[in-house]
Amino acid sequence: MIHCPHLGGDNQCEVAAGMAGCTVRTSPAACNACQNETNPRAINVVTIGMALVNRRRRKQNVVELEAMLANYLPDRDEMPATLKIADFRPGPGNELKKMLAWFAKPSDSCNCESRVETMNDWGVEGCHRNIDTITDWLLEEAEARGMPHGRFTRVVAKSLVQTAIRKFQRKFPDGAPEPEDDDDRA
């Protein structure tokens with residue numbers, strides 16, 4: 001993480017938390033994106049986005065935050081990447097996505113994001129039960145991109161999935177954290 005006067009313990013973004021009315025954990029990518037905004041370390045597209053995502057996760061009203069975001073995005077057609085809830089939701093799918101990101105970016109034709117979310121929904125046990133399906137997804141995408149996809153590649157793909165599951169288990173031995181009611185600020 002970077003040095004920021006609004007970065008509290010346990011990677012809490014105090015700017016986003018103030019808008020969300022609840023605890024908002026940030027990531028190095030979000031901190032870097034905030035730094036690159038025209039109004040860094042303050043209310044900006046990134047911090048509004050993090051607040052919006054956290055309120056949505058808690059099934060709370062987001063109308064005010066969406067209006068605020070619209071004021072910051074007058075010329076942008078799509079929501080910024082920081083608003084994708086999967087980026088803030090830990091799980092085996094996100095671990096695999098991070099591992100593959102250095103050489104394979106999602107394309108318009110792939111189902112990568114929905115498969116990441118499916119793996120995150122399945123959790124550790126579900127991913128173990130469905131490891132052959134996940135491996136098939138990787139091989140299917142490799143074939144579509146003209147990459148190797150034979151027997152050896154199946155072994156490598158399965159190993160990547162197992163590694164992603166282990167990485168998630170090490171980071172979250174008790175499973176993915178969910179928003180809690182007592183996490184809301186009064």
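Me: What should I know about the numbering and the model before I start?
Reply: Residues are numbered from 1 along each chain as its sequence is written, and side-chain values use heavy atoms, leaving out hydrogens and water. The model is predicted: local features need pLDDT of at least 70, side-chain atom pairs count only at pLDDT 80 or more, and totals for chains, interfaces and linings use all residues.

Me: How many helices and strands are in the chain?
Reply: Helices (H or I, at least four residues) and strands (E, at least two) are DSSP runs, numbered from the N terminus. The chain has eight helices and two strands, in the sequence order β-β-α-α-α-α-α-α-α-α.

Me: Why is helix H5 described as largely enclosed?
Reply: Buried means under 20% relative accessible area, exposed over 50%, and partly exposed in between, with a 1.4 Å probe and protein chains only. In H5 (residues 92–100), seven of the nine residues are buried, so the rest of the structure largely encloses this helix. Among them are Pro92, Leu96 and Met99. The buried residues of H5 pack against helix H6 (112–129), helix H7 (131–144) and helix H8 (151–171).

Me: How many disulfides does a search of the whole structure find?
Reply: A disulfide is a covalent bond between the sulfur atoms of two cysteines. The cut-off is a pair of cysteine sulfur atoms within 2.5 Å. The search finds zero. For Cys34, the nearest cysteine sulfur, that of Cys4, is 6.3 Å away.

Me: Is Cys34 buried or exposed?
Reply: Cys34 counts as buried because its relative accessibility is 10%. Cys127, at 0%, also counts as buried.

Note on methods:
Contact means heavy atoms within 4.5 Å.
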